[in-house]
Amino acid sequence: MAYNKEYMIMILDNRRSTSEEFKEKAVKCCSDIIKQKICCGKKDYLSFVLVGTERTYNDVNTNEDHDGYLNIVQYVGDLEMPSWQLLMNFYQFVNEPSSDEGEWLDALVVAYGMLRKGMESSKIQRLRLVLFYDFNDGFNSYDSYKDITESLLTDNVDLIVISPNICFIDNPANDYLPQAIFSPGKKSDQCLENEKHALRLVSQCNAKLCNLNEGLPAALKFKNKRPWTWNNKLRIGSKICINITGVIHCKNECTIKLKKVWNEPGEVLVREWGHFIHGNQVTVEKDDLMEGYMLGGSAIPYDESVDDDKIKLAPGLTFMGFIPRKLVYDEYFAGESTYLILHQRGMTSSAKKLDALVRVLLEMDRAILCWKVYSEKFNKARIVVLLPNELEDDCPATLSMIEMAHHSQYHFFEFPKLANRHTECSKEQLDAVDHLIDTMDLTLKSEDSQTPRDTFEKDLLSFTKLPHIFERNFMDIMARKILCKASEDDEQFQEMLKDKNFVEAFWKLPEHFEKDAKDAAKKVKKLFPLTESDEWQKKLRARENRKEPLSQNTKDKDNSNNNGVQLSFDHVRSSTPAEDFEQLLKAYVFPIHDSTQRDVKFNYYATQLCGVVKDMIFKTDSLTPTDFEKIAAALSVYRKRCFIFNAFDDYNKYVTSIKAKVVERNMNVFWDHVIVKHELGLCFIGEPSLDEQIKEKDFYSLEFADAVKLTPEEMEMNDPEMDEMLANINEEEL
């Protein structure tokens with residue numbers, strides 16, 4: 001049976017004397033640990049312990065010492081692997097009522113007993129305790145301190161202590177390595193005693209002390225046995241062979257594995273094929289087509305023989321050619337990883353060859369294009385580029401190997417327009433951007449600082465502990481969706497969603513960095529003014545004009561009739577609403593050059609039309625087919641003009657209000673003969689998406705809450721077409 005990775009127990013301080021801010025941050029840190037374990041530690045075991053609770057519930061108090069280990073509650077249940085349900089249970093578990101009593105050493109004993117019990121039932125590779133505790137004035141007994149630390153050391157238990165008052169300095173007695181201390185200040189004797197025993201944990205049981213800023217990377221950090229070097233050969237032609245070592249500089253590693261699905265269960269997915277040239281759809285024969293993919297706006301042919309599994313290539317780097325360095329664009333080389341290439345250790349001949357190669361590349365301003373095959377097993381070739389690095393006196397010659405992105409990644413790229421003399425930035429603009437970057441620099445400048453700091457390293461944004469931005473965002477979104485679902489039945493989760501400080505308190509930047517960055521950002525915003533673009537409106541109007549072309553003679557005739565001619569009416573009449581609305585627009589709206597005034601005038605007449613149509617629908621005793629035609633024509637012309645005047649929302653709100661009253665009055669006949677028949681539903685910009693199509697389809701359907709089922713005879717009596725036919729028959733008889 002394979003070993004499971006680790007068993008981790010998190011101990012949280014729940015006493016009344018502990019600040020609420022520290023409790024919130026501790027809960028947030030624990031939840032992040034659980035979410036990270038869900039991604040990459042599915043075989044790990046997790047559990048929790050609370051110290052400082054009103055009630056007492058733990059195995060040590062129940063089975064061994066009924067008078068000791070009070071005010072400590074352990075998580076109920078057996079060993080559990082990380083899951084979303086465990087995260088929800090944790091949120092409920094930390095809501096235990098608090099008290100002023102509870103000792104951290106007793107909590108360690110309870111958690112240690114849970115570890116030993118877990119070792120008996122399952123094979124565990126690593127044991128880890130994470131203690132969140134505020135070493136304040138609370139009383140703690142240290143009679144069993146030595147026995148407890150020796151037990152932890154004997155069983156090789158990793159202890160991580162996270163406290164709000166811990167900071168770091170560079171210890172000159174230990175090669176200026178970072179050392180954890182408690183922040184200085186005036187403190188009581190009991191507080192100093194608690195801090196002294198906490199610091200002794202480092203020497204007694206190899207514990208690690210840190211604050212909340214370092215808590216998450218410290219709790220998730222472990223020794224990685226994976227080799228981070230790649231030993232192989234660089235072959236140039238048939239004569240030159242250089243033994244190289246590739247060291248990973250940075251690698252895009254994501255522990256979240258997403259499964260691509262094209263449709264939800266139960267949905268029907270239909271693929272539609274279309275062929276276009278310069279935006280125009282064309283009809284082609286199947287024999288005239290060839291497979292390929294799109295690189296930006298260019299079609300690239302694709303050869304399936306490249307992926308032939310029977311072809312075996314030699315591992316290593318194989319030279320393809322020299323290319324100018326300036327032709328290596330960053331947008332095209334965005335693969336999974338970046339390697340630093342240098343000669344293998346002890347290979348003097350390879351070191352000399354690589355040094356000469358780098359010097360030539362630097363002098364000629366060239367780069368090397370080659371393909372990389374990782375090994376015999378992973379034999380798929382990848383196109384890479386070798387870029388020479390600047391030579392240094394105390395370092396060997398090196399190359400940077402950048403992997404070229406594959407065609408499946410190109411749809412993520414966004415290529416900006418090329419700069420010209422109109423779009424080129426001025427020196428003042430570039431200086432402002434540089435200043436903004438400098439103000440956001442989170443690196444401490446001091447070499448060996450004796451001033452206490454909040455971070456273990458001097459760099460406030462160390463890349464060794466930088467979380468994967470996609471993982472963090474994805475898991476936060478997943479946690480929020482699960483909380484939203486659980487909040488329907490539990491008020492506790494509703495309060496968590498409302499509490500925004502729960503996240504802000506943990507991720508807020510230092511105030512001086514935030515203030516300087518905001519001032520610099522204001523200057524950048526001033527030097528780079530943003531203008532509103534109406535290109536999309538012009539394209540939309542051009543598309544509508546193409547759909548409904550008008551002859552030039554008709555346009556000239558309309559212009560001659562309306563320009564300079566006053567109409568005999570100035571409002572929309574109920575007798576001919578569609579015609580009146582069109583004439584009013586041509587006479588009093590279209591001639592206006594100012595766009596704002598033109599929109600105001602359009603809204604004025606559109607409001608009149610909407611009022612007339614609504615009165616015709618709901619204030620007429622019985623609607624006839626003629627009324628249906630008038631209403632349909634009026635709504636159709638209003639809907640068409642909304643595309644030109646960018647009034648989509650106004651029309652959608654209006655037709656939605658019409659639907660609400662139709663449902664209220666059970667006017668399904670009107671709805672079918674006017675709205676559905678003439679497709680006068682919601683309007684969208686451009687081609688509607690799948691969601692918009694579903695929304696539009698749902699809009700046309702009516703659901704009557706208290707609908708009365710009509711008999712066929714009643715439905716026939718309410719049919720206006722039947723009424724009109726009977727009226728015509730009566731007129732003929734007369």
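Guide: Contact here means heavy atoms within 4.5 Å. This is a predicted model, where local features need pLDDT of at least 70 and side-chain atom pairs count only at pLDDT 80 or more, while totals for chains, interfaces and linings use all residues. Residues are numbered from 1 along each chain as its sequence is written, and side-chain values use heavy atoms, leaving out hydrogens and water.

Visitor: How many helices and strands does the protein chain have?

Guide: Helices (H or I, at least four residues) and strands (E, at least two) are DSSP runs, numbered from the N terminus. The protein chain has 23 helices and 19 strands.

Visitor: Is asparagine 140 buried or exposed?

Guide: Buried means under 20% relative accessible area, exposed over 50%, and partly exposed in between, using a 1.4 Å probe and protein chains only. Asparagine 140 has a relative accessible area of 4%, so it is buried. You'll find asparagine 140 in the loop between β4 (124-132) and α5 (145-154).

Visitor: Which residues does asparagine 140 touch?

Guide: Not counting residues up to four places away in sequence, asparagine 140 touches Gly102, Glu103, Trp104, Tyr133, Gln190 and Asn194.

Visitor: And how do I read the angle between α5 and helix α6?

Guide: Axes are lines fitted to C-alpha atoms, for helices over the stretch in contact, and angles run from 0 to 180 degrees between N-to-C directions. Under 35 degrees counts as roughly parallel, over 145 as roughly antiparallel, 65 to 115 as roughly perpendicular and the rest as oblique. Here α5 and α6 (residues 189-205) pack at about 40°, with axes 10 Å apart, and they are therefore oblique to each other. On the α5 side the contact is made by Tyr145, Thr149, Leu152 and Leu153, and on the α6 side by His197, Arg200, Leu201, Gln204 and Cys205.

Visitor: At what angle do α17 and α18 pack?

Guide: Helix α17 (residues 595-618) and helix α18 (residues 625-644) pack at about 155°, with their axes 10 Å apart. That makes α17 roughly antiparallel to α18. Among the residues making the contact are Phe602 and Leu609 of α17, and Ile631 and Tyr638 of α18.

Visitor: What classes of residue does the contact of α17 with α18 have?

Guide: Ala, Val, Leu, Ile, Met, Phe, Trp, Tyr, Cys and Pro count as nonpolar, Asp, Glu, Lys and Arg as charged, and the others, Gly among them, as polar. This contact has 12 nonpolar, no polar and 3 charged residues.
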